[in-house]
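I set out to record, entry by entry, what I looked up in this structure. The notes go from the whole chain down to single residues.

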Amino acid sequence: SLTEQYVLCQLKECTELKQKIEQLKIKIPVKTGASDKVFGSVSTKTIHTELSNKGIKIDKKKIHLEEPISSLGFHNIEINLHKKVTAILKIELTRK
């Protein structure tokens, strides 16, 4: 059926997008204070902008953050592209 073909097509696109996202390494420079405490935090908005800058256009709502990121180092971000496809984006918060 057309619906099945559409779903398979979506699934294929989402799987390709997942591969693109998982190959990315995104560094986000942040301001830090004493003992490397991050001023402010990194939210889905920042991550969404970074992805857009890399040519990846997704709905911001698909980026899953339990809470904004507020520590230096590496973080894995879940991006729910499809109910069957979740990409893991690796980001690193670095000192500005």
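The entries below follow the order in which I looked things up.

**Entry 1: the model and the chain as a whole**

I noted before anything else that this is a predicted model. I then looked up the extent of the protein chain: its C-alpha trace spans about 60 × 20 × 15 Å along the principal axes. For burial, I found that 29% of the 96 residues count as buried. I recorded an accessible surface of about 6,700 Å² for the protein chain, with 52% of it belonging to carbon and sulfur atoms.

I also looked up the charged side chains. The protein chain carries 18 positive and 11 negative ones. The centres of these two sets lie 5 Å apart.

**Entry 2: the elements**

Which elements does the chain contain, and in what order do they run? I found two helices and four strands, and from the N terminus on they run α-β-α-β-β-β. I next looked at how far along the sequence the contacts reach. Among contacts between residues at least 6 apart in sequence, 50% join residues at least 24 apart.

**Entry 3: the sheet**

I traced the sheet strand by strand. The four strands form an open sheet in the order β1-β4-β3-β2, and the pairing is mixed. At the edges I found β1 (25–30) and β2 (63–64), each of which pairs on one side only.

I then turned to the individual pairings. β3, residues 73–82, and β4, residues 85–95, are antiparallel and are paired over nine bridges. The two strands form a hairpin, with two residues between them. Within this pairing I located H75, which stands opposite I91 in β4, and N76, whose bridge partner in β4 is K90.

How many bridges join β2 to β3? I counted two, and these strands run antiparallel. On this side of the sheet, H64 has E78 in β3 as its bridge partner.

**Entry 4: the helices against the sheet**

I looked up where each helix lies. Helix α1, residues 2–23, packs on the sheet and touches β1, β3 and β4. The direction of α1 makes about 20° with that of β4. Helix α2, residues 44–53, lies across β1, β2, β3 and β4. Relative to β1, α2 runs at about 130°.

**Entry 5: K31 and T32**

I moved on to the loop between β1 and α2, where I found K31 and T32. Is K31 buried or exposed? K31 counts as exposed because its relative accessibility is 55%, and the cut-off for exposed is over 50%. Leaving aside neighbours within four places in sequence, I listed K37, V38, F39 and K96 as the contacts of K31. I also looked up the separation of K31 and S41: they are 10 residues apart along the chain, and their C-alpha atoms are separated by 9.5 Å.

T32 and Q10 are 22 residues apart in sequence, and from C-alpha to C-alpha they are 41 Å apart in space.

**Entry 6: S35 and D36**

What is the phi of S35? I read a value near 45°, which is positive in a residue other than glycine. D36 is not a glycine either, and I found a positive phi of about 55° there.

S35 has a relative accessible area of 74%, so I recorded S35 as exposed. D36 is partly exposed, because its relative accessible area is 32%.

Technical notes
Residues numbered from 1 in each chain as written. Predicted model: local features only at pLDDT ≥ 70, side-chain atom pairs only at ≥ 80, totals over all residues. Heavy atoms only, no water. Buried < 20%, exposed > 50% of the residue type's maximum accessible area, 1.4 Å probe, protein only. Contact = heavy atoms within 4.5 Å. Areas by Shrake-Rupley, 256 points an atom, 1.4 Å probe, with all protein chains shown as cover. Lys, Arg positive; Asp, Glu negative; His and termini not counted. Charge placed at Lys NZ, Arg CZ, Asp CG, Glu CD. Pairing = 2+ DSSP bridges. Axes fitted to C-alpha atoms, helices over the stretch in contact; angles between N-to-C directions.
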